[in-house]
Amino acid sequence: MTQATRDKAEREMMIELRALQEALKAEWIDTALPEDWHGLEDRPIARAKTRVTVRLDADMVRWFRKMGPGYGARINQILRLYWLGLASGKVRGHWDDTAHVPRFERYMEGKIARQIEQMERRRTAETEG
């Protein structure tokens with residue numbers, strides 16, 4: 001994976017972590033995530049979604065559900081932060097030294113290239129519009 005790819009993933013991971021930290025700050029320290037916690041609902045996630053069926057540990061599902069509506073989005077955000085940590089090289093996965101790495105690197109490089117193209121198209125549209 002190129003250094004530019006790692007840097008881009010690290011920047012995106014830091015943005016996600018800062019947003020999560022700000023949402024959690026007030027309630028996390030004092031009440032350790034009360035049942036009425038709604039810290040992430042005001043932060044829209046505009047990415048396309050795919051419905052899947054996943055079998056999770058019962059205690060983890062209970063814990064996330066106790067946080068209230070939007071628990072699926074919170075699970076998704078935690079998965080995204082882990083994924084960004086892997087992509088930035090800040091987190092090592094159990095498969096880091098296996099044949100999966102080149103495929104993951106190609107996927108990340110393609111995803112980042114598409115994001116850059118989208119940003120450039122938006123900038124061009126904004127300046128022309």
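The model is predicted, with local features needing pLDDT of at least 70, side-chain atom pairs counting only at pLDDT 80 or more, and totals for chains, interfaces and linings using all residues. Residues are numbered from 1 along each chain as its sequence is written, and side-chain values use heavy atoms, without hydrogens and water.

**View 1. The largest cavity holds about 40 Å³ of space.** A cavity is a set of points, on a 1 Å grid over the protein atoms alone, where a 1.4 Å probe fits but cannot get out. Points are joined across faces, edges and corners, and volume is the space filled by probe spheres set on them. The count is 2 cavities of 30 Å³ or more.

**View 2. The lining of the largest cavity draws on helices H1 (3–31), H3 (71–88) and H4 (100–128).** Each supplies at least two lining residues. Helices are DSSP runs (H or I, at least four residues), numbered from the N terminus. Lining residues have an atom within 4 Å of a point. Among them are Lys 8, Glu 12, Arg 80, Trp 83 and Met 108. H4 gives the largest share, 4 residues. The lining divides into 5 nonpolar, 1 polar and 4 charged residues.

**View 3. The largest pocket has a volume of about 960 Å³.** Of its 23 lining residues, Val 52, Gly 72, Ile 75, Asn 76 and Leu 79 are the closest to its centre. A pocket is an open set with protein on both sides within 12 Å along at least five of seven lines.

**View 4. Helices H2 (58–66) and H3 each give two or more residues to the pocket lining.** H3 has the largest share, 9 residues. By class, the lining has 14 nonpolar, 3 polar and 6 charged residues. Ala, Val, Leu, Ile, Met, Phe, Trp, Tyr, Cys and Pro count as nonpolar, Asp, Glu, Lys and Arg as charged, and the others, Gly among them, as polar.
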